[in-house]
Amino acid sequence: QLLLINLKISKKEGKNLRNYAKNMLENSFKFIFINNWRSIDKKILFCFFILFFLGLFFSFSSTSSLAGERLNKEFYFFFTKHLIFTSLAIIIMFVISIFNTEVLKKFVVPLFIVSFILLAIVPIIGLEVKGAKRWIDLYFFRLQPIEILKPFFILMTAKLLTFEKFKNSQIKYILSFMLLGSVVTLLVNQPDLGQSILLIGSWVGAVFISGVSLIYIFAIFLIFLILLGSLLFFLPEKFGYIVNRLITFFDPSQGDKFQSTSALDAIKLGGLTGQGMGEGILKDSVPEAHTDYVIAVISEEYGSLVTITILIIFLYISFRIIKNCFNQDNEFLKISLSGLATLLIFQTFIHAGVNINLLPTTGMTLPFLSYGGSSLIGSAILAGLVLNYTKNKSYLYD
């Protein structure tokens, strides 16, 4: 209004100008939304929506008795929190997917630095739960920084591998390995071996796509084994749990395998069609079943057919992402998408492997479906990046 007065514009002209600006703004939003809808991979988007919806449904099924009977809270306490975080996650996914790809690329470094700093301060101000410091208490919820950092780590790795100055140099692999080493060091200190292995596997996938020699990958794998062996030898009091889990995994009689055995028994009990909604007992007998053993809970109540369908959805998303990589000329997008697909599929099958007793216990959540705000937000960031990078660019300028 002051601007209109200073410009000596009449009320009628000012009203017309405001209406024009309002219409322009509305048309801009419509243009952005329509263009984004036309260019986005709708099959991947539909799959993400299915996973978010299933996460809500299974959260309602698996946490109601936990809240009401064991924690003396309202029956819908966990479900309400999951609903709030799912809504926030969907908004984050859409916001990231709408951004211009080149603009989004410029935010990779600052976003990675922020998430890395959050991970670095966990040992200082972090909240310790069951002997591990992995969370920062933000009053409203507990943030696990590694869940936010994982997708940005993949993008940062891709940025280093495609940096123009290192195009014909092997130093890019050394720098990316140093980046991996710094993150893994912080994770091992928490301790969180599961996320460390996940990041290493995802990094190997991204580096392999960039065209690195297999000799380098084998050398890095050897270095990892040497460093892991050194930690176990020199710091047995801190990392002895790794040896105990491995011993228990290979010889169940040597340790407590209650959780993994209970999960496997629940899957067997569920059979193909399941025991029925709310009829499972795993969620009441195993701590954190709604996070670390959600696949077993689903199998027990709804059957292995539903579980297999969920795994097929994850595989289909990865297939669509990899298929898109073949149509990409941009090396950064190609490596980023390959790394994000590797991250998604590795985490899914590590979670499933632990549930069916094929892998030692790692405490790995299932993306989109496991209960937890940090896990949902991390999944939303990954989903938003995938949707953004798989857009059909030819529609964006029509």
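Me: Does α17 pass α18 in a left-handed or a right-handed crossing?
Reply: Quick caveat: this is a predicted model, so local features need pLDDT of at least 70 and side-chain atom pairs count only at pLDDT 80 or more, while totals for chains, interfaces and linings use all residues. Residues are numbered from 1 along each chain as its sequence is written, and side-chain values use heavy atoms, with hydrogens and water left out. A crossing is left-handed if the near helix is turned anticlockwise from the far one by less than a right angle, and right-handed if clockwise. Going by that, the crossing of α17 past α18 is left-handed.

Me: How many helices does the protein chain have?
Reply: Helices here are DSSP runs (H or I, at least four residues), strands are E runs of at least two, and both are numbered from the N terminus. The protein chain has 3 strands, and its helices number 19.

Me: Are α17 and α18 roughly parallel or antiparallel?
Reply: Axes are lines fitted to C-alpha atoms, for helices over the stretch in contact, with angles from 0 to 180 degrees between N-to-C directions. These two come within 9 Å and cross at roughly 165°. Under 35 degrees counts as roughly parallel, over 145 as roughly antiparallel, 65 to 115 as roughly perpendicular and the rest as oblique. So α17 and α18 are roughly antiparallel.

Me: How many charged residues does the contact of α17 with α18 have?
Reply: Contact means heavy atoms within 4.5 Å, and the residues meeting that way include Leu311 and Phe314 in α17, and Lys334 and Leu337 in α18. Ala, Val, Leu, Ile, Met, Phe, Trp, Tyr, Cys and Pro count as nonpolar, Asp, Glu, Lys and Arg as charged, and the others, Gly among them, as polar. That gives 13 nonpolar, 4 polar and, for charged, 1.

Me: Is phenylalanine 368 buried or exposed?
Reply: Phenylalanine 368 is in the loop between α18 and α19, and its phi is near 75°, a positive value in a residue other than glycine. Buried means under 20% relative accessible area, exposed over 50%, partly exposed in between (1.4 Å probe, protein chains only). At 1% relative accessibility, phenylalanine 368 counts as buried.

Me: How far apart in space are glycine 363 and aspartate 292?
Reply: Glycine 363 is found in the loop between α18 and α19, and at 30% relative accessibility it counts as partly exposed. In sequence, glycine 363 and aspartate 292 are 71 residues apart. C-alpha to C-alpha, the distance between them is 5.4 Å.

Me: How many residues of helix α16 are buried?
Reply: Helix α16 covers residues 294-302 and is largely enclosed by the rest of the structure. Its buried residues include Val294, Glu300 and Glu301. The count of buried residues in α16 is 9 of the 9.

Me: Which residues does serine 304 contact, leaving aside neighbours within four places in sequence?
Reply: Serine 304 is found in helix α17 (residues 304-325). Its relative accessible area is 18%, so serine 304 is buried. Its contacts are Ile267, Gly271, Leu272 and Ser299.
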